[in-house]
Amino acid sequence: MSGLTNALVICAVVVLVVVRQFKAQEIGTDRRWWLIPAVLVFMAVREPDLIDPQHRATSVTLLAVELLVGLAMGAGWARTSHVWTEPDGTAWNKGTKATAVVWAVGIGLRAGLFGIGSLLHVRQGTPGLMLALAATLLVRSGLLIQRAGTRPAAYGMADAAPEPMRKEPV
């Protein structure tokens with residue numbers, strides 16, 4: 001796949017994710033929350049320029065740091081998202097202002113890594129960015145599902161039946 005196609009896929013995923021993160025969304029455990037990250041990983045690892053053969057060690061180091069930034073960004077994104085449970089038991093989430101800060105810092109760190117790679121003459125393509133984005137989405141989704149599963153219902157114990165009233169003997 002060409003670099004232009006990869007860039008378009010990355011931009012489409014980022015726009016989709018950023019726009020959707022500030023709208024309330026149901027957290028569904030039955031959905032295939034891992035599908036988009038899996039597609040991004042598949043697209044990234046099949047590209048020949050994932051690692052620069054001229055600067056293998058530096059390229060691997062930059063990729064590892066990129067993945068760590070992606071993992072941290074996913075964790076920060078999940079942590080800063082507002083999660084609540086409706087009375088019917090469905091869990092929902094919505095991004096906050098802190099979520100936007102996490103995105104801004106993550107993008108800034110990634111731009112810095114790209115700058116460092118350029119200064120070191122390491123050829124960098126879109127596959128590393130796709131892997132980091134996949135890590136971000138995977139961690140975020142997994143943590144949101146975990147948070148949603150451990151939260152009580154909004155109005156206490158929604159499924160608990162009321163205890164029957166006992167009459168005291170007179």
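1. The model is predicted.

2. The chain overall. It has 170 residues, and 34% of them count as buried. Among contacts with a separation of 6 or more, 81% join residues 24 or more positions apart.

3. The aromatic pair. A search of the whole structure finds one. The partners are Trp77 and Trp103, and the geometry is edge-to-face. The ring centres are 5.2 Å apart, with 70° between the planes. The edge-to-face label follows because the angle between planes has to be over 60 degrees for it.

4. What the pair connects. Trp77 belongs to helix H3, residues 56-80, and Trp103 to helix H4, residues 97-119. The pair therefore ties together parts that are 26 residues apart in sequence.

5. The cut-off for buried is under 20%.

6. Trp77 has a further neighbour. Arg140 lies over the face of the Trp77 ring, at 4.3 Å from the ring centre. Trp77 thus deserves a look from two sides of the description: the edge-to-face pair with Trp103, and the charge of Arg140 over its face.

7. Surroundings of Trp103. Leaving aside residues up to four places away in sequence, Trp103 touches Val14, Val17, Val18, Gln21, Met73 and Trp77. Met73 and Trp77 are both among the buried residues of H3. Gly76, another buried residue of H3, is 27 residues from Trp103 in sequence. The C-alpha atoms of Trp103 and Gly76 are 8.8 Å apart.

8. Helix H3 itself. H3 has 25 residues. It reaches 36 Å from first C-alpha to last, close to the 36 Å expected at 1.5 Å a residue. Its buried residues include Ser59, Leu62, Leu63, Glu66, Val69 and Gly70. Met73, Gly74, Gly76, Trp77, Ala78 and Thr80 are also buried in H3.

9. On spacing along a helix. An α-helix has 3.6 residues a turn, so residues three or four places apart point the same way. The buried set in H3, including Leu62, Glu66, Val69, Met73 and Trp77, can be read along the helix with that in mind.

Terms used: Residues are numbered from 1 along each chain as its sequence is written. This is a predicted model: local features need pLDDT of at least 70, side-chain atom pairs count only at pLDDT 80 or more; totals for chains, interfaces and linings use all residues. Side-chain values use heavy atoms; hydrogens and water are left out. Rings of Phe, Tyr and Trp (its six-membered ring) pair if their centres lie within 6.5 Å; planes under 30 degrees apart count as stacked, over 60 as edge-to-face and the rest as tilted. Helices (H or I, at least four residues) and strands (E, at least two) are DSSP runs, numbered from the N terminus. A charge sits over a ring if NZ of Lys or CZ of Arg is within 6 Å of the ring centre and within 35 degrees of the ring normal. Buried means under 20% relative accessible area, exposed over 50%, partly exposed in between (1.4 Å probe, protein chains only). Contact means heavy atoms within 4.5 Å. The expected span of a helix is 1.5 Å times one less than its number of residues.
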